[in-house]
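Subject: Structure handover

Hello,

Please find the sequence and structure below. My notes on what was found follow after them.

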Amino acid sequence: MNSFLLFLIRTGVSLPTGVITWFICMFAFNQDFFMSVVYAVATGTAAYFITDGVASHRFLKKHALTRKEYKFIQKQLKEANGKIMRLNKAMFQIRHFPSIKKRIDFIRVTKKIYRLTKQEPKRFYKAEKFYYAHLDSAVEIAEKYALLSAQPKKNYDLQETLSETRNTLEKLSFTLEEDLHEILSDDIDDLHFEMDVVRHTIDQKKLDNKPIDESRRLK
């Protein structure tokens, strides 16, 4: 749920409600200025929270989530956001220029998974491996790699360790891409279904038009 958009909606409802209440109290019911302000603030505040409740209810209903599930997912996303920030920092601290493009792609995939889950919280259940295991592994490996790559003198063993770590990160990158594919699997299935429907419709139209064309040729 976009918190800024929700804030605009709540404010857009509560402010006019408060202003209208003030005018009604002042001019229709002849209340004094102070009491009119009190009624206006109370009504506007009530409208603010009622709007928030209605918007939240619609959002949860749209995504088939309970309030408890949504709070749990939001907590996981908050923790994941901190981990992604640590991952981003570590990846750009790594002193190995040939792998910079791969590292950028690595970060891009993690952010894509996070963004999709943020937009549609229900996707969290398809990305549990990412949030519970793969992201943690990525952060831990990247931070250790950044620490080792920053050492001024690198002996043979350290060079070998760094090389193995790069290979591990590359393999983990493929794993994250699989996580992203899993999140998008329902969308891919829906697209295939829609394409099949369109193809069937086109084929059916061709069959329907074929006798018409033949009758025209006979004429």
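Phe72, Phe124, Tyr125, Phe130, Tyr131 and Tyr132 make up one aromatic cluster. Rings of Phe, Tyr and Trp (its six-membered ring) are taken as a pair if their centres lie within 6.5 Å; planes under 30 degrees apart are stacked, over 60 edge-to-face, and the rest tilted. The count by this rule is 10 aromatic pairs. One of them is Tyr48 with Phe49, an edge-to-face pair at 5.5 Å centre to centre with 80 degrees between the planes. Phe124 and Tyr125 have ring centres 5.9 Å apart and planes at 80 degrees, so this pair is edge-to-face.

Before going further, the ground rules. The model is predicted: local features need pLDDT of at least 70, and side-chain atom pairs count only at pLDDT 80 or more, while totals for chains, interfaces and linings use all residues. Residues are numbered from 1 along each chain as its sequence is written, and side-chain values use heavy atoms, with hydrogens and water left out.

On exposure, buried means under 20% relative accessible area, exposed over 50%, and partly exposed in between (1.4 Å probe, protein chains only). Phe124 is buried at 0%, whereas Tyr125 is partly exposed at 33%. In the other pair, Tyr48 is partly exposed at 21% and Phe49 is exposed at 54%.

Now the chain as a whole. Its secondary structure comes to seven helices and zero strands, where helices (H or I, at least four residues) and strands (E, at least two) are DSSP runs numbered from the N terminus. Of the 219 residues, 28% count as buried. The chain exposes about 15,200 Å², and carbon and sulfur atoms supply 61% of that area; accessible areas come from the Shrake-Rupley method with a 1.4 Å probe, and for residues only the protein chains shown count as cover. Among contacts (heavy atoms within 4.5 Å) between residues at least 6 apart in sequence, 68% join residues at least 24 apart.

What lies in the interior? The largest nonpolar core has 35 residues, and those with the most contacts inside it are Leu87, Met91, Phe106, Ile113, Phe130, Tyr131 and Leu135. At least two residues of this core come from each of H2, helix H3 (67–93), helix H4 (100–119), helix H5 (128–149) and helix H6 (156–183). A core here is a set of buried Ala, Val, Leu, Ile, Met, Phe, Trp, Tyr and Cys residues joined through side-chain atoms within 4.5 Å. Not counting residues up to four places away in sequence, Ile113 touches Ala127, Phe130, Tyr131, Leu176, Asp179, Leu180 and Ile183.

Gln76 lies in helix H3 and is buried, with a relative accessible area of 13%. Leaving aside neighbours within four places in sequence, Gln76 is in contact with Phe124 and Tyr132, and both of those belong to the aromatic cluster.

Phe27 is found in H1 (residues 3–28) and is exposed at 57%. Asn30 sits in the loop between H1 and helix H2 (33–62) and is exposed at 65%. The phi of Asn30 is near 55 degrees, a positive value in a residue other than glycine. Most residues other than glycine have a negative phi.

Regards
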